[in-house]
Amino acid sequence: MLFRSTAAVVGVKGGGDTAIDDADAQQALQVAVRAIGPVLSYDYRHLDEDAAQARSYMTASYQDQYDKTFALVKENAPSVKAVVSAQVIDAGVVRTGGDRVDVLVFVNRPTTNKKTTTPVVYKDQVTVTMVRDGDSWLIDDLATSGVSDRKSTRLNSSHTDISRMPSSA
């Protein structure tokens with residue numbers, strides 16, 4: 001995984017009952033960076049394993065959103081032989097508050113399918129909302145917007161470009 005070590009905690013603290021200190025924000029950042037690969041990647045040859053790994057980084061409510069979108073991937077990826085891998089380029093904390101930390105992650109997603117064997121690299125900005133779950137952090141929301149002219153999307157959008165995973169998961 002490519003990841004420059006320039007990530008920093010540059011957040012704006014928000015209101016909330018539980019204060020997030022710099023160490024907490026750094027921990028949430030590290031988990032978000034580690035989770036993005038499994039959450040945004042899949043290979044048509046082992047979709048169930050990919051989904052299981054991705055779900056381990058998510059809250060139950062986000063798993064429900066992810067499962068709805070991933071059902072489209074499972075339906076279509078095998079026929080087009082889609083493979084998407086997410087590579088973190090850089091990341092940083094942009095906001096903290098309560099028990100939440102918002103992380104902005106810059107991601108390259110090399111994508112292949114049966115028509116395109118040379119990877120096409122999609123460049124995305126991903127905003128990940130991390131929530132505290134005991135001593136760890138889980139993804140509670142995720143939204144992508146392409147660095148190029150691509151329209152901003154959410155996981156549960158109607159975007160269905162199956163050579164990539166629909167929207168952001």
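These legends describe close-up views of helix packing and aromatic pairs in a predicted model. Residues are numbered from 1 along each chain as its sequence is written, and side-chain values use heavy atoms, without hydrogens and water. Local features need pLDDT of at least 70, side-chain atom pairs count only at pLDDT 80 or more, and totals for chains, interfaces and linings use all residues.

**View 1. Packing of helices α2 and α3.** Helix α2 (residues 47-55) packs against helix α3 (residues 60-80) at an angle of about 160°, and their axes are 11 Å apart. The two helices are therefore roughly antiparallel (angles over 145 degrees). Contact (heavy atoms within 4.5 Å) involves Leu47, Asp48, Asp50, Ala51, Ala54 and Arg55 of α2, together with Gln63, Tyr66, Asp67, Phe70, Val73, Lys74, Ala77 and Pro78 of α3.

**View 2. The edge-to-face pair of tyrosine 42 and phenylalanine 70.** The structure holds two aromatic pairs (ring centres within 6.5 Å). In the pair of tyrosine 42 and phenylalanine 70, the ring centres are 6.2 Å apart and the planes stand at 85°, so the pair is edge-to-face (planes over 60 degrees apart). Tyrosine 42 lies in strand β2 (residues 42-43) and phenylalanine 70 in helix α3, so the pair ties together parts 28 residues apart in sequence.

**View 3. The stacked pair of tyrosine 66 and phenylalanine 70.** These rings are 5.2 Å apart centre to centre, with 15° between the planes, and count as stacked (under 30 degrees). Both residues lie in helix α3, four residues apart, about one turn of the helix. Tyrosine 66 is buried (under 20% relative accessible area) at 0%, and phenylalanine 70 is buried at 2%.

Methods:
Axes are lines fitted to C-alpha atoms, for helices over the stretch in contact, and angles run from 0 to 180 degrees between N-to-C directions. Angles under 35 degrees count as roughly parallel, over 145 as roughly antiparallel, 65 to 115 as roughly perpendicular and the rest as oblique. Rings of Phe, Tyr and Trp (its six-membered ring) pair if their centres lie within 6.5 Å; planes under 30 degrees apart count as stacked, over 60 as edge-to-face and the rest as tilted. Buried means under 20% relative accessible area, exposed over 50%, partly exposed in between (1.4 Å probe, protein chains only).
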